[in-house]
Amino acid sequence: MIDFELSDEQRDLVAHVRRYLAKEILPDVQRCDSASTPLPEAFAKLAELGVVGLPFPQAYGGAGLDYVTLGLICEELEYCDTSLRTMMSVHIGLAGCGIYQWGTQEQKQRFLRPLAAGEKLGAFGLTEPDAGSDAGAIRSTARRDGDAYVLNGSKLWISCATQADTFLMFAKTDPAAGKRGISAFVIERQDAGSALHTFAIKDKYGVRAGDTGGLSFSDLRVPVANRLGEEGEGFHIAMTALENGRYTVAAGATGLTRACVDASVKYAQERTTFGVPIGRHQLIQEMIAQMTAGYEASRLLYLRAGWMKNNGLRNTRETALAKWFACDTSNKAADDALEIHGAYGFSDEYPVARFLRNSRGAVIYEGSREIQKLMHGEYALGYRTDKPVRCELPAWKGQR
Ligand SMILES: Cc1cc2nc3c(=O)[nH]c(=O)nc-3n(C[C@H](O)[C@H](O)[C@H](O)COP(=O)(O)OP(=O)(O)OC[C@H]3O[C@@H](n4cnc5c(N)ncnc54)[C@H](O)[C@@H]3O)c2cc1C
């Protein structure tokens, strides 16, 4: 049976989140983006809204809601601003779901509970100055020393780097073993002290109202109890975390496309050329029609992936497809939205220049456009299949 209806609870929550964001956050977005200043109290506001622990069981301080609802909320967040959804992607999708999927009971109580309760902000540290798409090439090391590991290295292009409290971080315990030598660690800023340094990246092309930065760590001692999974399992942990992150990115990009549609429709009805609103010109209609089709297709793709997550079905291919399609679609929609706004689109007087800059990052991160094309080419040709992983993301079995 296929059911396209949202529940009353989902509809009510979406409406509540939409109203809250419009009142509490949207008024600051353009100013912060223009000034390249992080949105004030963004994480505290999302915590107040009750969404920062959305898919985690109440036993771990979460809201116990399902993955489809998580997607719907990410769509709303990015409709408001990409920086909000980015925060949710790293906090819930990458760090939170990573710990939820791979952590021991004790680790979930220690590390996941404060994240889900909104007491701490999570982030994800995989990328390094010399390793992005080729994550197996990371150089950070973790040397075992008694009941601890000693971490040395650096990370770059880390969302929420300067604001996060808890990092799901990756380093090599066996540098000679390539990607099989990577292990995952939970790093708490409060315990790391001066051995962990974080910094912001200035003059970014997009997500200017968000925090993107880097980390460096020198002789950072991390207790063995903070290692997630087994030694050498870090690459699998990173890839499964990215699968959950990609889901939130796909849903968010869908919201950005909707924002492009709304801004374009409004402007096309107001602006006149040659004696008629520009919406009467068929070439403008064509761009808006493509945006609406892209929005609906993106939404169906991410909702299917969310449904598969709810039901505990492997969704690596479907989630990656949703991410690739939705991000390319939002990038094209934002470019067309700017075109529809003419020269005004080229300024901060309208939001579409921000939409275009913000749409670009997600085409690169969590599997770039090229990496996605390679993946889906391999799936189609039968060169790639999804194998079971040792720990699956728990399915959703009703309120939990
Ligand atoms: C705004 C933003 C936020 C980010 N947040 C995070 C975060 O929170 N945590 C984190 O760990 N990382 C984060 N990243 C980093 C992101 O994941 C990497 O940028 C991404 O993986 C690409 O790596 P790279 O930039 O090193 O590019 P490279 O891997 O060096 O790639 C360069 C180019 O080559 C292409 N390419 C690479 N390999 C192939 C191939 N085999 N075939 C064809 N083309 C190829 C790529 O598609 C790209 O076009 C973020 C990046 C951005 C821009």
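In strand β4, T166 is the bridge partner of G122. Four bridges join β1 to β4, and these two strands run parallel; strands pair if DSSP finds at least two bridges between them. Helices (H or I, at least four residues) and strands (E, at least two) are DSSP runs, numbered from the N terminus. The model is a predicted one, in which local features need pLDDT of at least 70 and side-chain atom pairs count only at pLDDT 80 or more, while totals for chains, interfaces and linings use all residues. Residues are numbered from 1 along each chain as its sequence is written.

| Strand paired with β4 | Bridges | Direction |
|---|---|---|
| β1 (122–125) | four | parallel |
| β5 (residues 182–188) | seven | antiparallel |

Strand β4 (residues 166–172) is mostly covered, with seven of its seven residues buried (20 or more other C-beta atoms within 10 Å of the residue's own, C-beta atoms being placed from the backbone). In a regular strand the side chains alternate between the two faces of the sheet. In β4, T166, L168, F170 and K172 point one way, and F167, M169 and A171 the other way.

The ligand has 20 residues around it, of which T127, G132, S133, S368 and E370 come nearest (near meaning a C-beta atom, placed from the backbone, within 6 Å). Elements giving two or more residues to this shell are β1, β3 (148–159), α11 (352–364) and α12 (369–381). At least three shell residues come from each of domain 2 (123–234) and domain 3 (237–381), with bounds from an automatic or database domain assignment.

Note on methods. A residue is buried if 20 or more other C-beta atoms lie within 10 Å of its own, exposed if 12 or fewer, and partly exposed in between; C-beta atoms are placed from the backbone.
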